[in-house]
Amino acid sequence: MAVGLLAVLRDRNARLYMAGVTVSGFGDAAMLLAAGVWVKELTGSDSLAALVGFCAWAPALAGPFIGTLVDRARRRTLLVATSSALAVVMTAPLAVRSSRDVWVLFAVLTMVGVGTVLMDAAETALIGSAVPGELRGDFNGLVRTAIESNKLIGPLVGAGLFTLLGGPVVALLNAVSFLLGAVAFSLIRVREPAPAHRPRTNWAADTAAGFRHLWGHPLLRSLVVAGACAMAASSLSSAATYALVDTGLRRPAAFAGVLTSVQGLGSVVSGLAAGALLRRVPARVLSAIGLVLFALGALARLTDSVPVVVGGSLLIGLGLPWPLISALTMVQRETPDELLGRVAATANTLIFTPTGLALLAGTAMVAVFDHRVQLLAAGALGLAAALLPAVTARARRRPCPAGPVTARARRRETGTARDGGKDA
C-alpha cells in the first residue's frame with residue numbers, strides 16, 4: 001500500500017491535482033456549513049437553512065448536460081477558468097447584511113453547485129491524460145481520503161470562523177481556496193488534443209452518447225448502480241443517527257459527533273488502502289466487499305451497545321468509499337477520452353442523486369417508524385447491491401454467440417489488463 005501511495009505522491013501532476021482538489025474542497029466544506037448557520041441566524045428559519053444544502057446539491061441532477069461541456073474544451077483550461085470564476089462568485093456574500101439578502105447566498109451556492117459538477121467531470125477526465133494508468137487506483141483512493149478529511153475538518157473551521165469573525169470571512173476563505181485551486185490546476189503539465197468540433201445542435205445527442213456508453217457497458221453499469229445503492233443506504237443510515245443516539249444509546253445528541261468522527265476515520269483508512277486492493281482484486285469484488293462491510297456496520301447499529309454501534313460506524317466508514325472508488329476508477333479505464341467528461345458527469349449524477357432523495361425518505365421514515373426499521377433497510381440494500389457486480393460478472397463469462405473473442409476482451413474478462421489488471 002505504501003509503495004503505491006508514495007508513487008502517487010512522487011508524480012508531479014498527481015501532487016498538483018491533489019493540492020487543487022484538497023484546498024478547494026476544504027473551502028467548500030467550510031462555507032456550506034457556515035452558510036446554513038448564516039441563513040438560520042438572519043431569518044430564524046430552519047427550512048431556509050436546510051435549503052442551503054439543496055441549492056448546492058440540485059445542479060448534480062443536470063450533470064449529464066453539464067458534463068458535455070467538458071468534452072468540448074481542454075480540461076485543464078476549463079478547470080482553471082471555472083475555479084477562477086467561482087473565486088469571483090464567492091465575493092458576492094460580502095454584501096449580505098440582513099434577511100432580505102439571503103437570496104444572494106442561495107444564488108451563489110447554486111452557482112457553486114454548477115461549478116462543482118463541471119469541475120468534478122473535468123477533473124475525472126483530466127486524470128486520464130495527466131496521471132499514469134497504473135497509479136489511478138491509489139490516486140482515486142487518496143482523492144477520496146482528501147474529500148473525507150475535508151468533511152471532518154472543513155465544517156469545524158467554518159463554524160469557528162463564523163462564530164468569531166462572521167460569514168463574510170468564511171466566504172473570503174472559500175474564494176481564496178478556489179483561487180489557490182486554480183493556481184494548482186494551471187501548473188499541471190499535460191498534452192491535451194484539441195477537442196473535436198461539434199455543432200451546438202448536437203448537445204442533446206452528445207449527452208445521450210455518454211449515457212449510452214455508460215449504460216451499455218455491463219461492468220460500468222453494475223458498478224455505478226452499486227455506488228448509487230451505497231449512497232442511498234448511507235443516507236438512510238445517517239438520517240437515523242440522532243434517533244439512534246437518543247432512543248437507542250440514550251446519549252446526548254453531541255454523541256453523534258463521535259459516531260461521525262469514527263466513520264470519517266474509517267473512510268480515511270479505506271481510501272488509503274483502495275489502490276493496493278485494486279491491484280489485488282477485481283474492482284467488482286472490492287465494490288462488493290465494501291458494500292458488505294457497510295451493511296454489517298448498519299446492522300450493528302440495531303443494537304443498544306455503545307461499543308458495537310461505534311464499531312458499526314467504523315465498518316460503515318471502511319466500506320462506503322470502495323464502491324465509489326471502484327466505479328470511478330473503472331469509468332476512467334473503460335471510457336474513451338472523447339467521451340470521458342460526459343460519462344464521468346453522468347456516473348456522478350447517477351451515484352450521488354440518490355443521496356438527497358434517500359435523505360428525504362429517511363427523514364420521513366424516522367418520524368414515523370422506529371429508527372431500527374431504516375437501519376435494517378439500509379443494511380438490506382447494501383447486501384442486495386453487493387450482488388450486482390457478481391451477477392454481471394457471471395453474465396459476462398457466458399460465451400458470446402456472435403463471433404470470436406478478441407485478445408483485448410479476453411484480457412478484460414480475466415483481469416490481466418496492464419493498468420492494474422483488475423477491471424472485471
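Visitor: Buried, exposed or partly exposed: how does Phe-54 come out?
Guide: Its relative accessible area is 44%. Buried means under 20%, exposed means over 50%, and partly exposed is what lies in between (1.4 Å probe, protein chains only). With 44%, Phe-54 therefore counts as partly exposed.

Visitor: What kind of model is this?
Guide: Residues are numbered from 1 along each chain as its sequence is written, and side-chain values use heavy atoms, with hydrogens and water left out. Local features need pLDDT of at least 70, side-chain atom pairs count only at pLDDT 80 or more, and totals for chains, interfaces and linings use all residues: this is a predicted model.

Visitor: Where is Phe-54, and what is the area of the nonpolar surface patch that it makes with Leu-48 and Leu-51?
Guide: Phe-54 belongs to helix H3, residues 46–57 (helices are DSSP runs of H or I with at least four residues, strands are E runs of at least two, numbered from the N terminus). Areas here are Shrake-Rupley values with a 1.4 Å probe. The patch comes to about 230 Å².

Visitor: How many residues of helix H4 are buried?
Guide: H4 runs over residues 63–70 and is mostly covered. Its buried residues include Ile-66 and Val-70.

Visitor: How far apart in space are Val-80 and Ala-182?
Guide: Val-80 is in helix H5 and touches Ala-182, Phe-185 and Ser-186, not counting residues up to four places away in sequence (contact means heavy atoms within 4.5 Å). Val-80 and Ala-182 are 102 residues apart in sequence, yet C-alpha to C-alpha they are separated by 4.6 Å.

Visitor: Which residue's backbone oxygen lies 2.9 Å from a polar atom of the Gln-374 side chain?
Guide: Gln-374 sits in helix H17 and, at 1% relative accessibility, counts as buried. Beyond its neighbours within four places in sequence, its contacts include Ala-239, Gly-362 and Met-365. The backbone oxygen at 2.9 Å belongs to Leu-236.

Visitor: Zooming out, what share of the protein chain's residues is buried?
Guide: The chain has 18 helices and zero strands. Of its 424 residues, the buried share is 52%.

Methods
A polar contact is a pair of N or O atoms within 3.5 Å; within protein, one must be able to donate a hydrogen and the other to accept it, and residues adjacent in sequence count only if both atoms are side-chain atoms. Patches are made of residues with over 30% relative accessible area and no salt bridge: like charges are joined within 9 Å, nonpolar side chains (Val, Leu, Ile, Met, Phe, Trp, Tyr) within 5 Å. A salt bridge is a side-chain nitrogen of Lys or Arg within 4 Å of a carboxyl oxygen of Asp or Glu.
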